[in-house]
Amino acid sequence: GPMTAAIFKHSGDMNAVANPHPDLCNPSAWVLEATSPPGYSRAEYQAPRLPTLDHAYIYTWREFIPEDFFTGIDLAWMLRSQWKTWPCGSSQPIDVADELCGGGGIFNEFEIDGHMGIFDFRTRPDCRRVQLPTHEFLGQWSTYVLEIHWTTSSDGYYRIFRNGRLLAQESGIKTLYDGFVEGECDISFATGLYDEWYTVDGGDRDLLRAYFDDHAIFDMD
């Protein structure tokens, strides 16, 4: 049936705007623009939580990051796409943060660290980190696809693609932590800007802007 997505905002904003850079990858006339002012900010388009344990999904979305995105800013941290378990219910038998590399959720796609795009896979003991230089995704639309089997057993897998090119894959791994409680910590998929940044002394940047489109989830069953 139809799913109802939500937009979560704290200081930041998200609106439908004309596509700033239509190209062959994304000729859409309208896209979502996420904006982030200096300081702590959040503007995310978040899908509802779906049944997760022993389910397989394909997640896909399009993203455009302007070439001047990092100009004149001091970036403390940033997340642009997430597969989140938090917040979890009170019946969790373990401290979820202890089971995940770096705490937080399961995946944090394109965390920005020293102007590197980072894909983090956070489930112990199969933690992985894939680094992508910013020149690979700035100034052009990119289509991303994540195919994943969510499980606490060792027969999980994931495959991540950008514009049809395989970026990373793992199989024979755990993709959910031990003690995962179905219905309370089901995965929520979000795209947008979730960050903390400041204007460099003497600069005049007042907003960061990123664009997203065609946010979709397919149930492989």
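In which strand is T35 found? T35 is found in strand β3, strands being DSSP runs (E, at least two residues) and helices likewise (H or I, at least four residues), numbered from the N terminus. The structure is a predicted model, in which local features need pLDDT of at least 70 and side-chain atom pairs count only at pLDDT 80 or more, while totals for chains, interfaces and linings use all residues. Residues are numbered from 1 along each chain as its sequence is written, and side-chain values use heavy atoms, with hydrogens and water left out.

The predictor's confidence in each residue is given as pLDDT, from 0 to 100. The mean pLDDT of the protein is 86, and 86% of its residues reach 70 or more. Confidence is highest in β3, at a mean of 97, and lowest in β7, at 65.

An open sheet is formed by seven strands in the order β2-β3-β14-β5-β10-β11-β12, with antiparallel pairing; two strands pair if DSSP finds at least two bridges between them. β2 (13-18) and β12 (165-173) are the edge strands, each pairing on one side only. From one strand to the next, the twist averages 25 degrees, where axes are lines fitted to C-alpha atoms, for helices over the stretch in contact, and angles run from 0 to 180 degrees between N-to-C directions.

A16 has L32 in β3 as its bridge partner. N15 is also placed in strand β2 and is partly exposed at 37% relative accessibility (buried means under 20% relative accessible area, exposed over 50%, partly exposed in between; 1.4 Å probe, protein chains only). Leaving aside neighbours within four places in sequence, N15 is in contact (heavy atoms within 4.5 Å) with V31, L32 and E33. The side chains of N15 and D13 are joined by a polar contact of 3.2 Å; such a contact is a pair of N or O atoms within 3.5 Å, where within protein one must be able to donate a hydrogen and the other to accept it, and residues adjacent in sequence count only if both atoms are side-chain atoms. The C-alpha atoms of N15 and Y211 are 9.6 Å apart, although 196 residues separate the two along the chain.

Beyond its neighbours within four places in sequence, T35 contacts G12, D13, S41, A43, L193, L207, L208 and R209.

Strand β5 (residues 55-64) has seven of its 10 residues buried, so it is largely enclosed by the rest of the structure. β5 runs antiparallel to β10 (residues 141-150), joined by 10 bridges, and A56 has H149 in β10 as its bridge partner. Seven bridges join β5 to β14 (residues 208-219), again antiparallel, with I58 opposite F218.

One disulfide is counted, defined as a pair of cysteine sulfur atoms within 2.5 Å. The sulfur atoms of C101 and C127 lie 1.5 Å apart in this link, which is right-handed, with 50 degrees about the S-S bond. C101 lies in the loop between α1 (96-99) and β7 (107-113) and C127 in the loop between β8 (116-121) and β9 (128-133), so the pair ties together parts 26 residues apart in sequence. C101 is buried at 17% relative accessible area, whereas C127 is partly exposed at 25%.
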